[in-house]
Amino acid sequence: MIKSEKASPKDVIMEVYEFGENVLKKHHIKNIEDIRPFLEVSHKFWLNLCGLENEAVLKEISELFNIHPLTLEDIKNTSQRPKFEEFDDNIFVVTKMIYHKNKSHSPITEQVSILFGKNYIISIQENPYDIFDPIRTRLENPTGKMRKMGTDYFAYTLLDIIVDKYFDCLEFAVEKIESLEDQIISQSKKTKLPEIFNQRKVIQQIKRNVWPTRELLSAWKKSENPLVKKKTNPFINDVYEHVIEIIENLEIQRESISALVELFMSNLSLKQNEVMKTLTIIATIFIPLTFIAGVYGMNFQFMPELGWKYGYFFIWILFLGSTLAMVYYFKKKKWF
Amino acid sequence: MIKSEKASPKDVIMEVYEFGENVLKKHHIKNIEDIRPFLEVSHKFWLNLCGLENEAVLKEISELFNIHPLTLEDIKNTSQRPKFEEFDDNIFVVTKMIYHKNKSHSPITEQVSILFGKNYIISIQENPYDIFDPIRTRLENPTGKMRKMGTDYFAYTLLDIIVDKYFDCLEFAVEKIESLEDQIISQSKKTKLPEIFNQRKVIQQIKRNVWPTRELLSAWKKSENPLVKKKTNPFINDVYEHVIEIIENLEIQRESISALVELFMSNLSLKQNEVMKTLTIIATIFIPLTFIAGVYGMNFQFMPELGWKYGYFFIWILFLGSTLAMVYYFKKKKWF
Amino acid sequence: MIKSEKASPKDVIMEVYEFGENVLKKHHIKNIEDIRPFLEVSHKFWLNLCGLENEAVLKEISELFNIHPLTLEDIKNTSQRPKFEEFDDNIFVVTKMIYHKNKSHSPITEQVSILFGKNYIISIQENPYDIFDPIRTRLENPTGKMRKMGTDYFAYTLLDIIVDKYFDCLEFAVEKIESLEDQIISQSKKTKLPEIFNQRKVIQQIKRNVWPTRELLSAWKKSENPLVKKKTNPFINDVYEHVIEIIENLEIQRESISALVELFMSNLSLKQNEVMKTLTIIATIFIPLTFIAGVYGMNFQFMPELGWKYGYFFIWILFLGSTLAMVYYFKKKKWF
Amino acid sequence: MIKSEKASPKDVIMEVYEFGENVLKKHHIKNIEDIRPFLEVSHKFWLNLCGLENEAVLKEISELFNIHPLTLEDIKNTSQRPKFEEFDDNIFVVTKMIYHKNKSHSPITEQVSILFGKNYIISIQENPYDIFDPIRTRLENPTGKMRKMGTDYFAYTLLDIIVDKYFDCLEFAVEKIESLEDQIISQSKKTKLPEIFNQRKVIQQIKRNVWPTRELLSAWKKSENPLVKKKTNPFINDVYEHVIEIIENLEIQRESISALVELFMSNLSLKQNEVMKTLTIIATIFIPLTFIAGVYGMNFQFMPELGWKYGYFFIWILFLGSTLAMVYYFKKKKWF
Amino acid sequence: MIKSEKASPKDVIMEVYEFGENVLKKHHIKNIEDIRPFLEVSHKFWLNLCGLENEAVLKEISELFNIHPLTLEDIKNTSQRPKFEEFDDNIFVVTKMIYHKNKSHSPITEQVSILFGKNYIISIQENPYDIFDPIRTRLENPTGKMRKMGTDYFAYTLLDIIVDKYFDCLEFAVEKIESLEDQIISQSKKTKLPEIFNQRKVIQQIKRNVWPTRELLSAWKKSENPLVKKKTNPFINDVYEHVIEIIENLEIQRESISALVELFMSNLSLKQNEVMKTLTIIATIFIPLTFIAGVYGMNFQFMPELGWKYGYFFIWILFLGSTLAMVYYFKKKKWF
Ligand SMILES: [Mg+2]
Ligand SMILES: [Mg+2]
Ligand SMILES: [Mg+2]
Ligand SMILES: [Mg+2]
Ligand SMILES: [Mg+2]
Ligand SMILES: [Mg+2]
Ligand SMILES: [Mg+2]
Ligand SMILES: [Mg+2]
Ligand SMILES: [Mg+2]
Ligand SMILES: [Mg+2]
Ligand SMILES: [Mg+2]
Ligand SMILES: [Mg+2]
Ligand SMILES: [Mg+2]
Ligand SMILES: [Mg+2]
Ligand SMILES: [Mg+2]
Ligand SMILES: [Mg+2]
Ligand SMILES: [Mg+2]
Ligand SMILES: [Mg+2]
Ligand SMILES: [Mg+2]
Ligand SMILES: [Mg+2]
Ligand SMILES: [Mg+2]
Ligand SMILES: [Mg+2]
Ligand SMILES: [Mg+2]
Ligand SMILES: [Mg+2]
Ligand SMILES: [Mg+2]
Ligand SMILES: [Mg+2]
Ligand SMILES: [Mg+2]
Ligand SMILES: [Mg+2]
Ligand SMILES: [Mg+2]
Ligand SMILES: [Mg+2]
Ligand SMILES: [Mg+2]
């Protein structure tokens, strides 16, 4: 299997896969000029470029493939909204990979611009790490669709892998949300509201990219460009359905998170209620008793009760009777 | 009545009902190849298949009935969204059964893929248990519509039974919600918020499946496929209206649940208010009294009041007066 | 004036009004067969039928008037959504009467199915009591529109009365909501949250029926059926506008109820705040004083202050000073 | 300047302005029949009628101007929704004036029905007071557009003044909302939640009338009636833009009010927190001290500490130490 | 670089840039009449006018450029909604600059009306300070698009700079929101709710202007006016995409702020809970102990325990035992 090389992100890395029904060759390109010969051969090729810092390289590419200056800016502006744009001799697609490099962090969003023409597919990423290894593997299969079908099918497979990754990220978020839900229902003390809000942000991060992806696919489905073959249609429709499924799941998760916050807050209120009841029961029973004890602790010279033989005994009866009355009152109010 | 057999879910179970205006035969099939002869006869047949684990069987079916690989994947992917898809010589429908196997658990969602062509209906379920016994009974009636009308009417009856089951599940949820409402209004102590949130999830589970079912039926109504007979139209429209009714009821239940949560929380606040008032009344009356008692419990050598003849008597007047003043104050504030 | 008879709801009651520009006769029908002659005469007739329990009668009607089995089911299913449906020789309308039989209960919803053809109008109700007496009165006027215009105008008048009744029910709910608002603003103790939620349910009950009525009227307005005369158009449009007005008022009431709940809860918070402040002021002033009194109530043999001549005098200065300081502090914090 | 006369609201008041490029005459009409001659002259005239109680007058008008009975009912029904309706020889517009007769009360809504034909404009109000004086002034200008342009322009000016008044009412509400906001932010004690809710109602009152006014203008813009001149189009569009601006401002105010309620409630929570902290700090410091003082106030015969020389001194060290520890604890918890 | 002069805002300031592929001249104009010659030359010119107070100047301009009186009012009315309007020989665009003159204040909204015809662009601002210096710089570049392309391209660049400024303001708000979020998560005491609500207002201020800007651009894109060149289309589309991006970011910030308020309020509840627990634990432990101490501080003559040798010792065992029992109880309840 051919693997993608890592390099210092300051430089641009370029890999070129020349392929056809009987051919598969991987080339390492140093200069954009090295690509020109591929444009003339009868095979198709995939140029995968990583890194947006080198302005000169991007400029040369835009000249070689006749890219409009505004499109070049879209490629360089990594906050570009996903879109599908048709030009005279190629189609330009902006997409967003979302993946976890490290499961303990938030997922990373990386822009991937895809340009495909009659015999070329160009993918331009922000940095070398990508999720396209399955494509590199599938290319090696000489009887696979990748080698036989048009460049639009190739672009579809890139998008399909990106959308599948959305499912992974969503699933990972769902697991976290469900574990938070378990914590809240079991009233575990370690639940932290900011964690819940963090998952809300992840859901929003996916939603933010998946909604324009749906528009992108909708435009692709309706496109009548000759580069978009009729045979690829069912495949585009399939990714489109995946995107709809993700959107609906995101909505469900959004509602789950709202429910979690509500549940968390109501648990807090329930606990507060219990705390206040405990305080009130204790205070209501003992404060009057303490007052009575205080009364007979006064030092007045003339206090007849103090001299009674059963005074102390009577006072204990008063203490107990008052306590019982209070307990009965609280029982009737269903405070226990 | 012909009943569906249960088997180990690892295997695929297949029952074939051969039927026509004068015929009804049930066959037990072991190999997919055994189905081929039915395709040639003039009768219609229903193939009901349970179990998705055996890849080989599904592969054979997809070859026999000329199913697109993406459609085969939709059948296998049990999180596929309900949909209506037309092909050259058959129509593919994905639906979801929702039923209670055990009333004390949440309802179960099971995917049912339906494929119908000129003289065959195939239903593919996840596991053997199903809700289609009424269909098996209706098939036995030689003058019933099931035997006379086209395969689209047969597919409609499957869908109709599925949608009727949604009503059952919804009704069961409504009963639970209403009993929760009674509990909350009677301020019963056993109400648990997680139970309310559970019902919210059930409502969402139904909603999630019923919304795309509405789109499915809308597409079916508009379809101009020759397999969709004009005579079946009013029936499709009828299920469609049922689905709309379910959607509106779901919305009403969703609002009921929100109202319940609000009511639960406000009851909690009302109780908290009462607890705090009790504490405040007791504390406000007795804390000053205890202070006064404390004052005359001090051991200063020179405290003139202690020597007064009516000191103790006066102090009790002070105690009672202060209490009455407080009670009057609270009465005026309407705290009782 | 001709009045509707009451009967045991187990039986079906049928009244037939034969009418034309010069004719008005009321007939009591026992068998459906008795209706057949009316179909042939040149006059129009209104058949008003109450009671859905007698399956045989409904079956006979459906045969006499050529009603589709699914439509018959819509008539029997009292949770059918209001709708407008056109058939070859008649038009079928499902509507809902909402009325108060008893002002202290929630309003009652009763389904009324209306079927009108060239010279007949059939109205089928769940039970005998109805709100159609004004129609019976208007029929008696020989120069009124009821006698001159088509059956669609007759159906319109039925609908018009039903919609006018929605206004009555809404107005009754509004009065209750406004009285609840007055109670809450005057902070009356008798306000109960469940009463507010009850009004929310009434609003929802009306909304639930009025929304599909709007769709029904919208379909009627657009209908090009020959049974729908152009002259009736402005009348249909007028009911339509009433329905829009009801919908907007329902929305306003829904918001009022939300505001009421908010106001109720915030009043509760304001009261709780006041309770807590009272407790805190009393406790904060007296707890330290009680401590000081306690100190000089200790029985240590060596406590120099106890022997001072002005000890008791000084301690009172301490008590008063501390109290004044506290009062000043609370004043500054604006707690009074 | 010609001014509108006030009269007892029981009667109908009618003023007629006959006008043309060279003419302006004001007439006082007692009987509807007096209007008939104006219909024949070549000048245009404006009939302004105040009061809906006199059924006879309205009846006569409806006969004179050929008004449909349903339209007459719309005029009399003061809860009619604003609308634009075209008839064979005139156009009927229902609008709502909203104005403050007294700044300390809520604004008043008054229905104004406008009917305009080839050479007449009729405005029908509920009662004599109106906001049309600027129109009376503009009419006096012989070179103004009012005198030259068609009746649709005249109707536009009426509507324009009505919409401008919405701005005034909105502005007045905004001022109140802003002063409530200042009160809440400065935590003034006089803020009352019902006042906030009152402003919400005013916003809703305007919104309720301005939304259908938008539909009305939208219909007017699209109208192809010969009475609607192309030259008036930019003016209608201008009012339409004002209405959109009002709608957007209403939405902003609605959100401001929600924010105010939130702010009010959270201020309440903040205060409650402070109250509780004060109580807790005082109680937590003094309750244990009071206990210790209580211990040494016990009268046991054998209590060795009481005889110690420095017992009293040590106890004060204990008091101070415990207090300091508590203060340190609260400091660490950031309660101060 | 040519810079904009500042002047007293009472006066109108006018700068005229005459430009073409080979020409760039800046003129200072005192009277509107001085502009007339530019209208005849073959070059294009940009008239930038600051100040709306001088009615006479605006009147003269409207006559010179044939501006409709309603459009003139739109220019003067600084609360005009952004819009795109086509006239016979020019196009009128209303936009809003939003910028920070001082970072510690809220951003300022200033209306900029743009009118462009075949060879002129007029921009009319409220006051002299603007954000158009980059345009003045770009004009100096003789090979730049500004000099070569049509007046619609010039108008686009004005709009582009305005939209870019929205990003700056949004970013500034986002920074503040994020710092508020950090404060809330770290539970810093200095967080003030009014600051959060202030940022909500800024978000709303941008949203309010950016939504109609989207409509404006949408109208521009669809315009078939000859002044709108096909070559400018991709540029308009580019600004349109920026506007969509801003709208989505505003929505995200709106949700962030809601989450912040929720987080703030729940932190408050958590703190309150902790405060109440502290109070309850201390009070529940010491109040009963103080009562017991009070009992043995009573002065009854007959109290046998007082004479016991180990009475005092036993009482301490009771104190400690009771305390331990309470602590155990709280531990079990997980209050620590
Ligand atoms: Mg979105
Ligand atoms: Mg899906
Ligand atoms: Mg959805
Ligand atoms: Mg949803
Ligand atoms: Mg959604
Ligand atoms: Mg919700
Ligand atoms: Mg949905
Ligand atoms: Mg329904
Ligand atoms: Mg609905
Ligand atoms: Mg609804
Ligand atoms: Mg709703
Ligand atoms: Mg809904
Ligand atoms: Mg609705
Ligand atoms: Mg209305
Ligand atoms: Mg509405
Ligand atoms: Mg509404
Ligand atoms: Mg509304
Ligand atoms: Mg609201
Ligand atoms: Mg709500
Ligand atoms: Mg509305
Ligand atoms: Mg506006
Ligand atoms: Mg708006
Ligand atoms: Mg709005
Ligand atoms: Mg809005
Ligand atoms: Mg909003
Ligand atoms: Mg908006
Ligand atoms: Mg975007
Ligand atoms: Mg958006
Ligand atoms: Mg969004
Ligand atoms: Mg949005
Ligand atoms: Mg939200």
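Contact is taken here to mean heavy atoms within 4.5 Å, and the structure described is a predicted model. No contact in this sense joins chain B and chain E, whose closest C-alpha atoms lie 9 Å apart. Chain A and chain D are likewise not joined by any contact, with their closest C-alpha atoms 9 Å apart.

Chain A is divided into domain 1, covering residues 3–266, and domain 2, covering residues 272–332, and the C-alpha centres of these two domains of chain A lie 75 Å apart. An unreviewed UniProt entry places the feature "transmembrane region" at residues 279–298 and 310–330 of chain A. In the model, residues 279–298 of chain A are 85% helix and 0% strand, and the end C-alpha atoms of this span are separated by 28 Å.

The interface of chain A and chain E takes 47 residues from chain A and 48 residues from chain E. The size of an interface is often given as the accessible area lost when the parts come together. For chain A and chain E the buried area is about 4,300 Å², of which 62% is given by carbon and sulfur atoms. Five salt bridges are found across this interface of chain A and chain E, including one between A:Arg200 and E:Glu262, in which the closest N and O atoms are 2.9 Å apart. The interface of chain A and chain E also holds 15 residue pairs in polar contact, both residues of a pair being at pLDDT 80 or more. On the side of chain A that touches chain E, the elements giving two or more residues are helix 3 (69–76), strand 4 (83–86), helix 7 (193–222), helix 8 (233–295) and helix 9 (311–332) of chain A. Helix 8 of chain A provides the largest share of this side, with 17 residues, and the residues of the side as a whole divide into 23 nonpolar, twelve polar and twelve charged.

Between chain C and chain B, the contact takes 47 residues from chain C and 49 residues from chain B. These two chains bury about 4,300 Å² between them, with 63% of that area on carbon and sulfur atoms. Across the interface of chain C and chain B there are five salt bridges, one of which links C:Lys201 to B:Glu181 with the closest N and O atoms at 2.5 Å, and 15 residue pairs are in polar contact, both residues being at pLDDT 80 or more. The side of chain C that touches chain B receives two or more residues from each of helix 3 (69–76), strand 4 (83–86), helix 7 (193–222), helix 8 (233–295), helix 9 (304–307) and helix 10 (311–332) of chain C. The most, 17 residues, comes from helix 8 of chain C, and by residue class this side of chain C comprises 23 nonpolar, twelve polar and twelve charged residues.

Over all chains, the structure holds 80 salt bridges. Side chains of opposite charge can pair when their charged atoms come close. One such pair is formed by A:Glu262 and B:Arg200, whose closest N and O atoms are 2.9 Å apart. Because A:Glu262 lies in helix 8 of chain A whereas B:Arg200 lies in helix 7 (residues 193–222) of chain B, this pair joins two chains.

Definitions and conventions: Residues numbered from 1 in each chain as written. Chains lettered and ligands numbered in written order. Predicted model: local features only at pLDDT ≥ 70, side-chain atom pairs only at ≥ 80, totals over all residues. Heavy atoms only, no water. Buried area = accessible area lost by both parts, 1.4 Å probe. Salt bridge = Lys/Arg side-chain N within 4 Å of Asp/Glu carboxyl O. Polar contact = N/O pair within 3.5 Å; in protein donor to acceptor, adjacent residues only side chain to side chain. Helix = DSSP H or I, 4+ residues; strand = E, 2+ residues; numbered from the N terminus. Nonpolar A, V, L, I, M, F, W, Y, C, P; charged D, E, K, R; others polar. Domains from an automatic or database assignment. UniProt positions renumbered as here; feature names shortened; annotations may be inferred.
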